Every structure is written in C-alpha cells, then in structure tokens.
Amino acid sequence: MLFKKRFSKKALLRLGIIITGLTLVIIAVVTYYGQNVGNFVIAIDDDAFNKTITLSDTKEFIYPRIRLVCDPISDARDMTYPWIAAKLPRIENTDGIYLKSLSKDEITDENRFIAYTFYMKNSGSETVDVKMSFSFYDVTKNIDKAIRVFVVKTIGDERTEKLYMAPDTQEYEYIGMPAAIKFVNESTILEDKIIGFYANSVAKFTILIWLEGEDPDCTDSVASAKIKFRLQFIAIGTEE
C-alpha cells in the first residue's frame, strides 16, 4: 500500500506496557532504540489494596495481580487501520501480549505495533465507580500527531470499541477508517468512567497503539521519536 505521505523508514522505537494497582496504571512506553525501559517503580498506598481491584492477563484470574508487564517491542513502524481491523478478532481472542501468540514465521515488520488484552476485576464486596484516564508525555518530534489508540472494552454483554487520534495538522480525508474521537487535550487521549462496577464484575480491555501510515503527519521526521503513555483506572466511590 502506498500513500502520499507514507512513513518509509522504520521508526527506531520500543513499546512496552505496565499495568499496576491504585490507580491501576498502564504505562506504555515508546523510547529511543536500545534504551532500557524495563525498570519502573510505582508506589501503591493502602487504599489501593483496600479497593480490592485486581488485574490479570487471563480471564480465569488464576494469578490476580496489581501489576502486569508487557514486553517492549523494538523497531515499531507504520500500520494502517484497515490492516489492524482485519487482525482485531484474533487480537481480542488472544489474552496478554498478542505478539507472543505468533509463530516465528508470523512475526514480521507488519506486526510491530502494540496489542495487549487484559482483565480488571472487582474482587471486593462493594460496588465501585472507576475513572479511566489515558494520557501521554515525554513526546519528541510530534509523534503524538501520528499515533492511533484503539480501545475495546467489554463488561458483561456490553462491548464498545473506540478509536482516538490527535487533531490533524492539515485537512485529510481518511478512506476506510471510522470517525476517530479527538484527544481531550495536548496530553490526554481520553477520560471515561465505569459506573457501578459491581462485586465480582470483570472488565476486559484490548489496547492497540500504532503509527497510522495514512496520517499526513506520519513521515520520516518521526523516526527515532519518543512518547510515553499512561492509562489510569482509579476507584472513585463505593456503595454498600
């Protein structure tokens, strides 16, 4: 596929996700190639444990945790939404890191995007409301302008999928792509709430992040760029 302003060089990037408790933080990191992104220290206070919201990269919650880690992805490069959408059924049915489910023959340049499925459970006896906030920081070379974030959320029988992007710097008509929700501001992708997250309820999330090759801002200028993401889930209320 060729586009007018297609990103022609590999972006020397690394992508990773960390999910943790009190705020159940996901940190997805894109860093300069070769930089160590494996060490993160996140403080968790007593209130987080008392909320008894747990995480797992499998639906069985055999090993519930307050932190999940997704391995970094090296040499991330541009993708397009139609290509991503064709992979979505398999991605959603793959718990944990999608890349790890692929055979050696399936791992190509076209798989260099972040795709991670995890679960959040209210393991306590109280109903809580959960605030969801997805943000980014430490951005270089305006790479946020070319990023797409796709969030699939399933709670019970209710499933939603939403695409997020920064406002375009120039007018462009995308073909075969759903209308995207614009980022809340220059550092926040989305803000949302789960109202009435009942005891023993489970929410499933699939997070995809990629460089959109059809975006006119996705050019060689973003090679070796850097961006970090943080997705927070905060228990904001309880009900007896």
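Mentor: A polar contact here is a pair of N or O atoms within 3.5 Å; within protein, one of the two must be able to donate a hydrogen and the other to accept it. The model is a predicted one. With that said, take strand β7, which covers residues 114-122.

Asn122 belongs to this strand. Its relative accessible area is 1%, so Asn122 counts as buried. The side chain of Asn122 makes a polar contact with the backbone oxygen of Tyr198, at 3.4 Å. A polar atom of that side chain also lies 3.1 Å from the backbone nitrogen of Gly124.

Next come the aromatic rings. The whole structure holds seven aromatic pairs. In one of them, the ring centres of Tyr116 and Phe118 are 6.1 Å apart and the planes meet at 25°, so this pair is stacked. Tyr116 and Phe118 are both buried. Phe118 also pairs with Phe205: the centres are 5.4 Å apart and the planes at 15°, so this pair is stacked too. Because Phe118 sits in β7 and Phe205 in strand β13, the pair ties together parts that are 87 residues apart in sequence. Phe118 and Phe205 are both buried. Elsewhere, ring pairs join Trp83, Tyr98 and Phe113 into a cluster.

Helix α2 spans residues 81-92 and has twelve residues; from first C-alpha to last it reaches 16 Å, close to the 16 Å expected at 1.5 Å a residue. Its buried residues include Tyr81, Ile84 and Leu88. Seen down the axis of α2, the buried residues fall within an arc of 85°, so they line one face of the helix. An α-helix has 3.6 residues a turn, so residues three or four places apart point the same way. Among the elements that cover the buried residues of α2 are β7, β9, β10 and β13.

Eight of its nine residues are buried, so β9 is largely enclosed by the rest of the structure. β9 pairs with β13 (residues 202-212) in the antiparallel sense, over nine bridges. Within this pairing, Arg148 has Trp210 of β13 as its bridge partner. β9 also pairs with β10 (residues 158-165), again in the antiparallel sense, over eight bridges. There, Phe150 stands opposite Leu163 of β10. β9 and β10 form a hairpin with two residues between them, and Gly156 in the turn has a positive phi of about 65°.

Note on methods: Residues are numbered from 1 along each chain as its sequence is written. This is a predicted model: local features need pLDDT of at least 70, side-chain atom pairs count only at pLDDT 80 or more; totals for chains, interfaces and linings use all residues. Side-chain values use heavy atoms; hydrogens and water are left out. Buried means under 20% relative accessible area, exposed over 50%, partly exposed in between (1.4 Å probe, protein chains only). Helices (H or I, at least four residues) and strands (E, at least two) are DSSP runs, numbered from the N terminus. Two strands pair if DSSP finds at least two bridges between them. The expected span of a helix is 1.5 Å times one less than its number of residues. The arc is that of the directions from the helix axis to the C-beta atoms. Contact means heavy atoms within 4.5 Å. Rings of Phe, Tyr and Trp (its six-membered ring) pair if their centres lie within 6.5 Å; planes under 30 degrees apart count as stacked, over 60 as edge-to-face and the rest as tilted.
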